[in-house]
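Work through the exercises below with the sequence and the structure open. Try each task before reading its solution.

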Amino acid sequence: MFAPGVTVLAGFVLLVGNPWLNLEIARVTVGADSIFRLVGVVVAYPVWHVDVDRAGPFLFWFANLRTALFVLLAVMGLSRVRRWVAETAGGAGLFVTTVGLTTLSAVSAGLLSALVTVALFDARTTASYVGDSEEFFLTQLGSSALFGVLFGSVLGAVVAAQRRRPVRRERPANAPKSLW
């Protein structure tokens, strides 16, 4: 019913992005070695919030908008990947296309949600989160791109593995020999 990448994406966002499990994962990865910081970026990106009082209005709307935009853009793209990549391209073509699509979706969602939330809230509300707006947008660009490449690699592997199933090929029909 769904493309395999869409199923993995939805499961990841619903499971890892939920605020209760994500809080526990964040406690484990904070202050850890460099490999756990990468895991922290992947885990922290799709977080969504249910309580505006607990997260604060800026973080609530920023994180929820970023996650919703990422899921929307990624699902729209992942459902079309098989049509965009030719059968002859094989698994490598699907992998690269999926990684690129996921990265583009994450970067677009991160920058657009940052732009919208900074524009909607006044400077007093955003001061503790944004600080220098140029640095904030560059940080969003970097973390979104890192998440897109890392998570896109997982999605790309899933989509490419689905392509490895043996393809049923038609055998050419043998024409009867002519009597003439």
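Helices (H or I, at least four residues) and strands (E, at least two) are DSSP runs, numbered from the N terminus. The model is predicted, so local features need pLDDT of at least 70 and side-chain atom pairs pLDDT 80 or more, while totals for chains, interfaces and linings use all residues. Residues are numbered from 1 along each chain as its sequence is written, and side-chain values use heavy atoms, with hydrogens and water left out.

**Exercise 1. The chain as a whole**

Task: State how many helices and strands the chain has, and what share of its residues is buried.

Solution. Step 1: the chain holds nine helices and zero strands. Read along the sequence, this gives the pattern α-α-α-α-α-α-α-α-α.

Step 1: a residue is buried under 20% relative accessible area, exposed over 50%, and partly exposed in between (1.4 Å probe, protein chains only). Of the 180 residues in the chain, 36% are buried.

Step 2: accessible areas come from the Shrake-Rupley method with a 1.4 Å probe, and for residues only the protein chains shown count as cover. The chain exposes about 11400 Å², and carbon and sulfur atoms supply 66% of this area.

**Exercise 2. Thr67**

Task: Find the helix that holds Thr67, and decide whether Thr67 is buried or exposed.

Solution. Step 1: Thr67 is part of helix H5.

Step 1: its relative accessible area is 5%, so Thr67 is buried.

Step 2: contact means heavy atoms within 4.5 Å. Not counting residues up to four places away in sequence, Thr67 touches Val13, Tyr45, Pro46, Val47 and Trp48.

Step 3: Thr67 is one of the buried residues of H5, a list that also includes Asn64 and Arg66.

**Exercise 3. Length and sides of H1**

**Exercise 4. The nonpolar cores**

Task: Which residues of the largest nonpolar core touch the most other members?

Solution. Step 1: a nonpolar core is a set of buried Ala, Val, Leu, Ile, Met, Phe, Trp, Tyr and Cys residues joined through side-chain atoms within 4.5 Å.

Step 1: the largest core has 22 residues, and Leu9, Phe70, Leu78, Phe147 and Phe151 touch the most other members. Two or more residues each come from helix H1 (4-16), helix H3 (34-44), helix H5 (57-78), helix H7 (90-120) and helix H9 (133-163). H1 gives the most, with five residues.

Step 2: leaving aside neighbours within four places in sequence, the contacts of Leu9 are Phe70, Val71, Ala74, Val75, Leu78, Phe151 and Leu155.

**Exercise 5. Aromatic pairs**

Task: How are the rings of Phe58 and Phe136 arranged, and how are those of Phe147 and Phe151 arranged?

Solution. Step 1: rings of Phe, Tyr and Trp (its six-membered ring) pair if their centres lie within 6.5 Å; planes under 30 degrees apart count as stacked, over 60 as edge-to-face and the rest as tilted. The whole structure has ten aromatic pairs.

Step 1: Phe58 and Phe136 are 6.2 Å apart centre to centre with 55 degrees between the planes, a tilted pair. Phe58 lies in helix H5 and Phe136 in helix H9, so the pair ties together parts that are 78 residues apart in sequence.

Step 2: Phe147 and Phe151 are stacked, at 5.4 Å centre to centre and 10 degrees between the planes. They are four residues apart in helix H9, which means that about one helical turn separates them.

**Exercise 6. Phe121**

Task: Where does Phe121 lie, and which residues does Phe121 contact?

Solution. Step 1: Phe121 is in the loop between H7 and helix H8 (123-130).

Step 1: beyond its neighbours within four places in sequence, Phe121 is in contact with Pro57, Phe58, Trp61 and Thr126. The C-alpha atoms of Phe121 and Phe58 are separated by 7.2 Å, although the two are 63 residues apart along the chain.

Step 2: one aromatic cluster is formed by Phe58, Phe62, Phe121, Phe136 and Phe137.
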